[in-house]
Amino acid sequence: MSTGFTIPNRLLLGPGPSNTPASVLAAMSQPTIGHLDPVFINMMDQIKQMLQVTFKTHNRLTMPVSAPGSAGMETCLVNLLEPGDQAIVAVNGVFGKRMVENVVRAGGVPIVVEFEWGRPVDPQRIKEVLNEHPQARLLAFVHAETSTGARSDAETLCCLAHERGVLSVVDMVTSWCGIEVDVDGWKADAVYSGAQKCLSAVPGIAPVTFSEKAADRIRTRTKPVQSWFLDMSLVMAYWAEGGQRAYHHTAPVNTLYAIHEALRLVLDEGLENRWARHKAAHEALVKGMESLGLSFLVEEPYRLPMLNAIKVPEGVNEAVVRNKLLTDYNMEIGAGLGPLQGKIWRIGLMGNNATVECANRAVSALDECLQALK
Ligand SMILES: *Cc1c(COP(=O)(O)O)cnc(C)c1O
């Protein structure tokens, strides 16, 4: 087949995307059909159900937004905030900062609570800030900070917000399908994720889910959401059980075939088996990296299994190593961002790539590169 360009076969061990299983790509290459075709609508109902199972929720307002993870973030924030609303945002990395930017653009007033990059969000500090700002509309934070590899205690943070009648908005882009998420059990109100991290589907879809309380908030807004495309009130009827499936926008039909197949693979494996697989891969990576004398940015109890921030040794140019891995080993890893630029590598073991084999390949390739550059 001639496509006019040649795609290399990379091993994607960065912060996402992860490698897509063959059956997901095969699902995507089936014939395109109409997005109002009964066969397609039936498939969309199945996607909704599988999203509910993987998020552990019964939320009726659960759907895949036709855009990447960042659009999931924007969907949650623009729907729940009206101009002048206060939003407490915990920032311990790039994606917390992006949430602040979204709050501002939605006309909200951010109350920014900063934490050291590489550390989790401190629930004690958040408790104090919630007490200082009883009128805040919501609390937003990132469960799995992909820019640093730190895991925050989503359960405790959501419960703190819930106790005070404040809505919680949680970024589960990197955690979903890799470590436990329990939307109903944790009483999270608005959650978004992405397809290309631990689901190992193609990029471009943001699953979102809203609690009844969050849905009520959207219904009782006084001003319309400033984004027509992301306005949930326009698609709520569409996604309700037995809802009238009317035209809103053309769904990315083939991309959703891929999402359906990737979700099917997750449920086939079992969520808990999948979490255990991520954990085992991470443990193999830790063992290997420590044997090379390398150390981790994040303290052990807060480390994410699917995103490993490894400190660049003194005197090593991290970009040279990363480029050598890409060109000589067809292996992609991530760089540090913001204050961590030049200081860490980010090794992702996400979804399909969460295997001991991938972990060992990363260790031996990094070892060879470091030896060669000595
Ligand atoms: C990747 C990521 C996003 C953004 O997702 P895109 O699909 O790149 O828009 C948001 N939050 C976190 C924690 C991420 O890892």
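User: Where is the place of S200?

Analyst: S200 sits in the loop between β9 and β10 (206-210), where strands are DSSP runs of E with at least two residues and helices are runs of H or I with at least four residues, numbered from the N terminus. This is a predicted model, in which local features need pLDDT of at least 70 and side-chain atom pairs count only at pLDDT 80 or more, while totals for chains, interfaces and linings use all residues. Residues are numbered from 1 along each chain as its sequence is written, and side-chain values use heavy atoms, with hydrogens and water left out.

User: Is S200 buried or exposed?

Analyst: S200 counts as buried because its relative accessibility is 1%, buried being under 20% relative accessible area, exposed over 50% and partly exposed in between, with a 1.4 Å probe and protein chains only. S200 also has a positive phi of about 55°, although it is not a glycine.

User: What about K187, how is its phi?

Analyst: The phi of K187 is positive too, near 60°, in a residue other than glycine. K187 lies in the loop between β8 (167-171) and β9 (190-192), and K187 is partly exposed because its relative accessible area is 39%.

User: Which residues is P21 in contact with, leaving aside its neighbours within four places in sequence?

Analyst: P21 is in contact with S200, L265 and N352, contact meaning heavy atoms within 4.5 Å. P21 belongs to the loop between β1 (11-12) and α1 (22-28), and P17 is found in the loop between β1 and α1 as well, with a cis peptide bond joining G16 and P17.

User: Switching topic, what are the domains of the protein chain?

Analyst: The assignment gives domain 1 (11-15 + 271-372) and domain 2 (22-267), with bounds that come from an automatic or database domain assignment. The contact between them takes 25 residues from domain 1 and 28 residues from domain 2, and the centres of the two domains, taken over C-alpha atoms, are 27 Å apart.

User: How many salt bridges does the rule find across that interface?

Analyst: The rule finds one salt bridge across the interface of domain 1 and domain 2, a salt bridge being a side-chain nitrogen of Lys or Arg within 4 Å of a carboxyl oxygen of Asp or Glu.

User: And which element gives the most to the side of domain 1 that touches domain 2?

Analyst: That is α10, which spans 271-291 and gives four residues to that side.
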